[in-house]
Amino acid sequence: MNEFIKNRNNQLFVITAAIFIFLLFRLASLTIVEGAEYAEISENVRIKELPVTAWRGEITDRNGVLLAGNMPSFTVKLIISEMPKENLENTAVDLMSILDQKGEEHIVFPIGLGENGEFEFSYDLEVAEWLDSNRLYDAKDAQTAFDMLRMREEIDEALSVYEAQNLLAYKGITPPISVKSMKFLAQMKKEEFLKSYGLDNDSGAENAYDAIREYYEIGNEYSTSESLDILAVRNAIKNQGYRKYQPITLADDISEETAILIEEKGMHLPGIDVQIEPIRYYPEGKLAAHVLGYLGKISTTSEIERYIDGMGYSPNAFIGKTGIEKSYETELKGEDGLKKVEVDVYGQLISEISEEKPVPGENIVLTIDSGLQKTAEDALEKVLQRIQVKGVYASPWGDYAFGEQSPNADSGAAVAVDVNTGEILAMANFPSYDPNLFTTGINQNDWNSLQPENARNPLAARPMYNIAALTAVQPGSTFKMITGLAALEQGLDPYKSIYSNGRIELSDRDFGCWIWNDYRAKHGLTNLIKAIEVSCNYYFYSISAGYDYYRDKPMDFEMDVETMLDYAKKFGLGENTGVEIEEAAYGIPDPGKEVANKKYYLKLKLKSLAEDYFIQSIYEDEDKLNEIVDKIAEWADENPSRGEIIRRLSQIGVRDEKVENSRISKVEALADLVKYSYFNQIAWDVGDTFNLAIGQGGHTYTAIQMARYISAIANGGTLYDLALDKENSGNGKAIDLKDSNNLSYIRKGMLEVTQGDEGTARTLFADFPVKVGAKTGTAQKQGKIPPVDEVVYLKDHLKDYNSYLQRLSASGKYEGGQIELSLLESLVNDITIKRNEDITAFEKAGQTDKIAERVRDGYLDEGAIWRYSLDEYTNGALENEEIDRYKDDYKSFAWFVAFAPYEDPQIAVTVLLFQGAHGGYAAPVARDIIAEYLDLDLPVSENPDALDNVTGTE
């Protein structure tokens, strides 16, 4: 045996035999054991399935009027299997030339030539344009940009980034940022693009262009612009991967003229095909745009996970982004068909095998009446335009002259509801937008046109923002019916009068009725009906506390803030209405929660000041700092004296030194901050209850919530879920009331608003054909309107600031000199450099929390740096109030709520005007809506000038 193995020929024979046996075994395994599996794989490679897009379901109004449908669109496709390789470059150049000549949009290469002739990435331009359009000039990265947006839009810091993203989207602000990785989406696409060609992330645009042109061996006979067209097509093919059997879209929604021209040149454009595909179409343009919503490509991380990963959508699919289009995405989409095709091993199309026809999406019938919707939108727009110029609103129901100009009254909403079903009959917003802009992808110019002109102003007009469902503000006097009903349920006699003495003096502050504040007048003897008619604050202050302040004795019923708020909740305020689209709901005020929130913001403030006020061993130790901050916040419950706070702060590690350029110590300065800016505001008192009783304070409700509440008053106490889908209407439940007849007194008071001798809307409805129950409301908006550019504003008013400093100097209150622009600019530059160095140091140390904290405080904001520099330059003599003196004040929100007819209520209407100044100014919108819905006969007026002014200011 040993001799046999030693023989080299025998060794070769044994090895060959072993290999042969292994191959036979493997062949048997492949053909017998795994044969079925590999046969299936082979079949899958040979036969491919192509999706055939289903027509999207139609959306109509309640009367069958088409609001969202589909229309055929010409699309240019590249069929790779039909294009000879040697023709690709010339075909690409010729096709793109035709499309450019006809002004058609088409795919482009992510690298192009800028105005200066230099190469640039489209990804970088996309980010820069977005930052510029949103005035985020100082944002260094996506995280900073996102934080700056949160601060500007006043989004609660306690919300997660995903919640903040949703709130921004509701406002029509969709930052192109992946909040999961905190990178710009364009930045992520750029990294993927470079990686696909084996290039580094830091590759320059020109180097990347040269490398990719060389990669595809594009000859010098093609110019740079021609090579970019070729690269656009090459890149699209590359992105297609193995799916060469699937046509590639090169241009969509081209004109019929362009389509015919391409077909005529078909012989010279091999592989190019013009196909007809459906695109979304909104025949009424802007009408009900915020109800319908708009379409867009799948872009966010959550959309990718839900639609592409979870539901198998194509990465290029368009989905509903807002409104009904979003809420009913899966129903509207339908079921795509399938076309089975045979391809060779290279992915080239051989033949069509079979086709399953697509199933169109479901049709949705809305509760909206398109005619009423148009009336609401037209009236809303015209009223706002007239308020801006103190003009006259012309209406067949009586012209109305606005007595006060409000040039910034440029946004508003109106909602009409069927009080007996909860169906939303109209939901109007101004300004609005045309969703047709989005059907094939919106271009940058159109997108920019939909952004606010002044992004720094949270009340600036935002065309894409659904004010009716998403803006929650104080309801003002339109809340008083809740206060009155709550008191009735506790035993208030609606006809028993108290003397409304103009103002109530509490120990720390006075609370005046509007008639006292404006005219130093009093309403005198007032019962509930009269109080609603004239909107008497004094009366509602009194019943909210169950106390007669004129007689200085308790009333004969008990009332407190919790009872009042319980009735607000019963009528659905602060909660979701049931409407099928996105809405905001922030709950009713909670005294305990408000105290907790104030403590929370105190803690944030203390942490932001830690390095300036606490000793090093505390601010560098996060646990120790949190312990100290929590301890200070808890002192709020007892609200110690200023002296006691100073004593305690000096014992827990506050620096024992003077504040720079000040005579007081840091202990004293911190004590003043926590005492007067926080502790004195935290404790709940009867004054806070007064504010809530008249719809001020912590109330924040949307127009649709208010419409639901008024509907329940009108129909006798049934709270319906609001509906936009006809199939969802009619879901309601009786409100738990002690006596539903109490609502009759509320309705009676609302009737007197339009019919009473002193009703705040009597002149508008005096000759109206039907009786209307209504209430005016004015909700204050505190503060100054931020200018478009803070730096320009400050420079423009340096002369005014110097005049102010000169007056201070003359009175011995200022020892510094005048502000010189060059010196101020130098100081600004020094502070900017220092702050950028701080941020860089934090970045290197990985202290992202400190970066975010400073962004929240406006640390990198150019305007904030200039203001800080002014403070430094003048040693604090130029205070914020003086700096902002020349900015416009915000005007009040104007509310008007109504139902009609009074005897048999059918419709409830709510109107909200941003900076509308007075509640009565919103009334003409509601009047026109009611008249249209009830199909009232036009009046014959012999005195069209009788309706010049609204009584009162509510």
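Guide: A salt bridge here is a side-chain nitrogen of Lys or Arg within 4 Å of a carboxyl oxygen of Asp or Glu. By that criterion, Arg 456, Glu 790, Arg 867, Asp 884 and Lys 887 are linked in a network. The model is a predicted one. Across the whole structure, a search finds 44 salt bridges.

Take Asp 688 and Arg 509. Their side chains meet in a salt bridge at 3.8 Å, N to O. Asp 688 sits in helix α30, while Arg 509 is in the loop between β20 and β21, so the pair ties together parts 179 residues apart in sequence. Asp 688 is buried, at 16% relative accessible area. Arg 509 is partly exposed, at 30%.

Next, Glu 575 and Arg 708. Their closest N and O atoms are 3.1 Å apart. Glu 575 belongs to the loop between α23 and α24, and Arg 708 to helix α31, so this bridge joins parts 133 residues apart in sequence. Glu 575 is partly exposed, with a relative accessible area of 30%. Arg 708 is buried, at 5%.

Then Lys 603 and Asp 630. The salt bridge between their side chains spans 3.3 Å, N to O. Lys 603 lies in helix α24 and Asp 630 in helix α27, 27 residues apart. Lys 603 is partly exposed at 24% relative accessibility. Asp 630 is partly exposed as well, at 35%.

Definitions and conventions:
Residues numbered from 1 in each chain as written. Predicted model: local features only at pLDDT ≥ 70, side-chain atom pairs only at ≥ 80, totals over all residues. Heavy atoms only, no water. Helix = DSSP H or I, 4+ residues; strand = E, 2+ residues; numbered from the N terminus. Buried < 20%, exposed > 50% of the residue type's maximum accessible area, 1.4 Å probe, protein only.
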